[in-house]
Amino acid sequence: MFGTLMLLVGPTLVFRLLGAFGVRRFATWRTAAANGLAVMLFCTAAAHFAPTAVGPVPGRGELVAMVPPYVPFPALAVYATGVLELLGAVGLLREKTRPAAGMGLAVLFVLMTPANVHAAVDGIPLNGEPATPLWFRIPEQLIFIAVAVWAYAPRRAAAHRPERVRA
């Protein structure tokens, strides 16, 4: 149940620790979280193409089962979301592309929420374990959305005070 969330939290903490030890790339929580989300997405995207479970993430067949019945071509939807996750992960790695990637991923996570609800309500098992309950899935999805939005949100410019001219 906590596997995917730990794929975000673990790398984020490691990246931030590296920042604390002087690795400038990870000097802020925001950058560490964006890169942590990228690690999570590389792992979850791989699951969209793997026939069976890969570590804490389910395999393609289980992901296809999660797709709500009203979505046409569920296998194609799984492949497409896998590609979008990979593109988003790559986009999060560069500061220039991070805003676009964050915005796109936030939208993708919102669009994928019905699949998570469907899996929880219909009791679709993942990795041979019982379905993750809705009370956990929704907050987890909200965390992913929040981190993506945080990566997207424009940074606040430091307020510049006009210099006083002394006469």
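Predicted model: local features only at pLDDT ≥ 70, side-chain atom pairs only at ≥ 80, totals over all residues.
**Exercise 1. Describe the largest nonpolar core and the surroundings of Phe109.**

Solution. 
- The largest nonpolar core has 32 residues.
- Those with the most contacts inside this core are Leu37, Met40, Leu41, Leu92, Leu105 and Phe109.
- The elements giving two or more residues to the core are α1 (3-20), α2 (29-47), α3 (60-66), α4 (74-93), α5 (98-121) and α6 (134-152).
- Now take Phe109. Set aside its neighbours within four places in sequence. Phe109 is then in contact with Leu37, Met40, Leu41, Gln141, Phe144, Ile145 and Ala148.

**Exercise 2. Classify the aromatic pair of Trp135 and Phe136, and decide whether each residue is buried or exposed.**

Solution. 
- The structure holds 4 aromatic pairs.
- One of them joins Trp135 and Phe136, with 6.0 Å from centre to centre.
- The angle between the planes is 85°. Planes over 60 degrees apart count as edge-to-face, so this pair is edge-to-face.
- Trp135 has a relative accessible area of 60%, so Trp135 is exposed.
- Phe136 has 9% relative accessibility. Buried means under 20%, so Phe136 counts as buried.

Key. Residues numbered from 1 in each chain as written. Heavy atoms only, no water. Core = buried A, V, L, I, M, F, W, Y, C linked by side-chain atoms within 4.5 Å. Buried < 20%, exposed > 50% of the residue type's maximum accessible area, 1.4 Å probe, protein only. Helix = DSSP H or I, 4+ residues; strand = E, 2+ residues; numbered from the N terminus. Contact = heavy atoms within 4.5 Å. Phe/Tyr/Trp six-rings, centres within 6.5 Å; stacked < 30°, edge-to-face > 60°.
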